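Please read them alongside the sequence and the coordinates.

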Amino acid sequence: MMTEVTMTMSNLHPGFILIAVGLIALFVPKSLRRPVLAAGPLLGLGAVLTLAPGTNATLPFINGITLHYLHVDALSWIFALIFCMMAAIGGIYACHNSNRMEAFCSMTYAGSALGVTLAQDWLTLIFFSELMAATSLFLIWCKKTPASRQAGYRYLLVHMFGGNLLLAGIFLKVSAGDYLVMPLAQGPWDTAFWLICLGISINAAVAPLHAWLVDAYPEGTVTGSVFLSSFTTKVAVYCLIRIFAGTDFLIWFGVLMALYGACYAIMENDMRRLLSYHIVSQVGFMVAGVGLGTSMALNGATAHAFSHILYKSLLFMCAGAIIYATGIRKINQLGGLAKKMPFTFWCFVIAALSISGVPLFNGFISKSITISAAAAAHYGSVELLLQLAGVGTFLSIALKMIYFIFLAPDNGVVIKREVPKNMYVAMGIGATLCVLYGVYPELLYRYLPFTMEPYHPFTVDHITQSIEMLGMAMLPFMMYLPKMAPHTALSLDTDWFYRKPFAGIVTGLSYLCCAVSRALGNTWEVLYEKSMELSHNPMEFLDAKPLRNSPKYNPENYRTSIADPIMITLTILFCSLCYFMAII
């Protein structure tokens, strides 16, 4: 039962705590910013742990509308838990930063994600969703490079488009008197349904609307990309579970995402672009689970979102440590880092085995639920295609990245600066959690929000399937190892269809505006010069035409009679009177 409560220490909004941490980090000196970023998010985590399911805090708004800004149930609680855990890990990873704006935006971004998660009404949801988009943008721009500025600008345009679609759908819902967030999958599939679905799908990077993610996330700061990889798409997955569970066409979009992201990742050479493609792929498993709509599938989507945040953030932390230490992003320029960065190597191995779904790692205990749910719902083709996507994941991360970055012959990579200890601490925490949840899945399963039959991941069938699929990837990799080296060619994606035409339109409009501006400027210059000649002596062209052929004619000495200006004045007055009489 929902209970109306006032704000007390036992039901503090964890999102507000994280936003407050960001504000404090913005103003305090660097010596205090470290403990604020490292310890502040733990207060938000403590607030989540004290929230009781059924809590519903409200706030009066305009026109008799009530904002339900703190709504706790089993689904919102588990997402709030992992978001706070990630904020705490990310805060430790980033606490060496000297950039005040990045510290503020990272914590406010995480707090806004909690704001969306705990919102029960549409207005609160759209407010925090837009705050997420604004603050995440600066995690890209804070890198302060031409590439990051351009990527941030495109990121802004895409999220403005998606946000406006979501806002339009919410406006239709609120105008109809539907203030609370509720499931829409059962219909009616009206305009509001499609606008909200499309707006959330853009944030979830549903293919073919995914290219903004791969374009922007690799251009973020070293620490900012860790936060970016953890929140926007997973908040969108939460919204899909909350609003569109059982919308069957999402099954096939999820399958497309899983395969598309895995295939493009195999071809990619940039570390963070490769990992970004795997965000698309792994979120595809979650979207497919949302489309299946069964309790088992929805639990699989929830569990996989939980696990994905841990291992994907760890992968981005390891990639960030490599970039921080070497200044290199391209895989084919690296090699032999296992000896030079051993701790990073072992953390990366744990994360790679986790995302690949290897038994005893957290990806195995979550990914297999969705695949089993597809089999239980008699979607054999979905089960097979998701398994194939898992093969691509193992091939591109566990084999390709580990070998060419860490185990391949040394390319003479120089460690230019030491990785800060706080980054190692955060990576160690992430790696520990990936193993802990993989070995003891009940730590996660007990909090899954939907009722289902007990699920046991460590069955002979599940383990055998996993080993077979991983063997299918390892065999061709070993056979064609020389040809598996990352290439340097550019991989075109769906963003080409709006980047190139939009750039052409902007360039064309710029040339047109410049041409019009020059033409107007030249016209004004001519008019100005002629008007100066006219004002010098109007009578030069108003009268005296018969005398201009006379050798004694001088326009400076000639003056017309007073009758001429009087007739001009009377004519203008008469025309004005006629005009005003006509309009009256």
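1. The side chains of Arg273 and Glu268 form a salt bridge, with an N to O distance of 3.3 Å; the term denotes a side-chain nitrogen of Lys or Arg within 4 Å of a carboxyl oxygen of Asp or Glu. Glu268 has a relative accessible area of 8% and is therefore buried. Buried means under 20% relative accessible area, exposed over 50%, and partly exposed in between (1.4 Å probe, protein chains only).

2. On provenance, this is a predicted model, in which local features need pLDDT of at least 70 and side-chain atom pairs count only at pLDDT 80 or more, while totals for chains, interfaces and linings use all residues. Residues are numbered from 1 along each chain as its sequence is written, and side-chain values use heavy atoms, with hydrogens and water left out.

3. The protein chain contains 23 helices and three strands; these are DSSP runs numbered from the N terminus (helices: H or I, at least four residues; strands: E, at least two).

4. Asp73 counts as buried because its relative accessibility is 18%.

5. Glu219 and Arg329 also form a salt bridge, their closest N and O atoms lying 3.5 Å apart. This pair links distant parts of the chain, 110 residues apart: Glu219 is in the loop between helix 8 (211–216) and helix 9 (224–228), and Arg329 in the loop between helix 13 (295–326) and helix 14 (337–340). Both Glu219 and Arg329 are buried. A network of salt bridges connects Lys143, Glu219, Asp270 and Arg329.

6. As to overall dimensions, the protein chain has a radius of gyration of 32 Å, whereas a compact globule of 584 residues would have one near 25 Å. The radius is taken over C-alpha atoms, and the globule rule is 2.2 Å times the number of residues to the power 0.38. The C-alpha trace spans about 115 × 65 × 55 Å along its principal axes.

7. Of the 584 residues of the protein chain, 54% count as buried. Among contacts (heavy atoms within 4.5 Å) between residues at least 6 apart in sequence, 81% join residues at least 24 apart.
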